[in-house]
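Biologist: I am new to this structure and would like to learn how to read it. Could you walk me through a few features?

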Amino acid sequence: MGMSASQARLLALTSRIHDVEYKAQNIQAKKLQLANFSDAAYNKYLDALDATTLTIKQADNSVVPATFTNLCSSQGVKNSNYKGYSIRDEQGRLIVEQDVYDKLQNGGATDAYEFAALMLGVESGKLDGISAPPTNDDMSAKLTEVLEAVNGTDDKTTLPENYENIGELFVSLGELLPGISEAEIWNDEVINQKIDAMKDEGDPEKPADDRVKENARVLVNQIRTAISALMPQATNSLADAEQAAYNAYADNASSGNDLVSRHDILKEQLGNINIFDDQAVENALKEIEKKDPKEAESIRASLEEFKFDLYRTKGADIVSGAGAGTKEDYDAGLFNYYANIYKQAQSDGYVSIETFNNEAQSGATNNNEWLNEQILSGRFTIEGYSVNNNTGILDSDSVMVGAQTDITYSNRTEIDKTELARAEAEYEKAMKDINAKEKRYDHELAKLDTERQALTTQIDSLKTQISDNIDRTFGIFS
């Protein structure tokens, strides 16, 4: 690896370790807040205030019932504190809309951005693979098929459209270029040699007239065009659209552009493959993982950040390029919503809201009272999530009803024994959540510390490599 590439890699690793340290600091801050949450829970539930309706505050400060639709659907309430809300059941499963559940189960998406594109209308069959145009051998075989069909029947009306016309063109070309074969039609070098060697029909010692040669070229092009029209037309896959959008961006990017630099670094790390070819990327990562699992994990994280930035920059071009509406139809907010749903669903699984319909009168989707009961009993937990605008990394945290001002109870009434009993249950639930969060934070901190140590080792190794490169390069002057 050259000095420039080594320096770029060092910068990428340094950026990554800063992200890890930043996340660790955030988690530490959250742990410090747990004591405040404990006090808030104690004071909140000791008051034993009545709460008849669970509500959520909208952007205009009005309140609406806190139902699954208002909290978690694609039309749910968003606010300044979080990008959105989600609900998990007692098993930690993310509760999602039925159409989201179906696509998660059967859509075939392998990352958040494929899933979001799928939800916006990209067909499942377009999620995989890089389209390839037909080869010359494919075209030659098709021409042979056409000529055999034409020569094999006397009733030309039974032939597919354009077959007879292609046969007539080939006969005309054969009169100008005797002996021309189906395969030679697609070989520019052979065609040029044959046309250059053409002789005048009346005087074999003279070269053919330029107009005659041009007629031969026209016939060749007409045959090629007609056969091309008969070939199956490749439809752009999402990977094709990603590559096309990136290429258009890179062509107009200034020198040293961050997105272009990260693309080039990833391409080098993966062995100079097409990084938009998911299957090729996965095969390359498996090979890297055999030698260095931590390096493979780091590259996966870098790929995630690259795709986040690519879709943030060229999402409309990519999704429309893969056949889902026009650029004007593209809804960036909705795309990000579905991408975030996919990211959340990767931990602890997911379940459809319709699974609970038999428990809630008139269904679970818009039942405020039923949802309130699930939260009070501790069966469901509300989470607020936000996204790092630089990396696309999702951050979520439990929302304590009442302590989080956008989700609270309205129309409080006087305390009675029933409300006191419920307050006690709420307090126990709050403390259980706090203890669970503390354990989760400790686990996350341990994982981040392991990642930080691995990145530090890579950085130290790379610094040594850079130093050695400098010594070798400039040692001749010493």
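Predicted model: local features only at pLDDT ≥ 70, side-chain atom pairs only at ≥ 80, totals over all residues.

Biologist: Let's start with strand β3. Which residues point one way from β3, and which the other way?

Modeller: Gly 84, Ser 86 and Arg 88 point one way, while Tyr 85 and Ile 87 point the other way.

Biologist: Are the residues of β3 buried or exposed?

Modeller: Here we use a cut-off: buried means under 20% relative accessible area. In strand β3, residues 84-88, five of the five residues are buried, so the strand is largely enclosed by the rest of the structure.

Biologist: Which strand is joined to β3, and how many bridges join them?

Modeller: The partner is strand β6, residues 381-387. Five bridges join the two, and they run antiparallel. To find your place on the pairing, look at Gly 84, which stands opposite Tyr 385 in β6.

Biologist: Now a single residue. Where is Lys 142 found, and why does it count as buried?

Modeller: Look in helix α5, residues 136-151, for Lys 142. Its relative accessibility is 18%, and the limit for buried is under 20%, so Lys 142 counts as buried.

Biologist: What is Lys 142 in contact with, leaving aside its neighbours within four places in sequence?

Modeller: Those contacts are Tyr 163, Ile 227, Leu 230 and Met 231.

Biologist: Let's turn to rings. How many aromatic pairs does the structure hold?

Modeller: There are 13 aromatic pairs. One of them is Tyr 113 with Tyr 311, a stacked pair with 5.3 Å centre to centre and 15° between the planes. Tyr 113 lies in helix α4 and Tyr 311 in helix α12, so this pair ties together parts that are 198 residues apart in sequence. Both Tyr 113 and Tyr 311 are buried.

Biologist: And why is the pair of Phe 356 and Trp 370 called tilted?

Modeller: Their planes are at 40°, with ring centres 5.9 Å apart, so the pair is tilted. Phe 356 sits in the loop between β5 and α14, and Trp 370 in helix α14, 14 residues apart.

Biologist: Which residues do ring pairs link into a cluster?

Modeller: Tyr 113, Tyr 311, Tyr 330 and Phe 335 are linked in that way.

Conventions: Residues numbered from 1 in each chain as written. Heavy atoms only, no water. Helix = DSSP H or I, 4+ residues; strand = E, 2+ residues; numbered from the N terminus. Buried < 20%, exposed > 50% of the residue type's maximum accessible area, 1.4 Å probe, protein only. Contact = heavy atoms within 4.5 Å. Pairing = 2+ DSSP bridges. Phe/Tyr/Trp six-rings, centres within 6.5 Å; stacked < 30°, edge-to-face > 60°.
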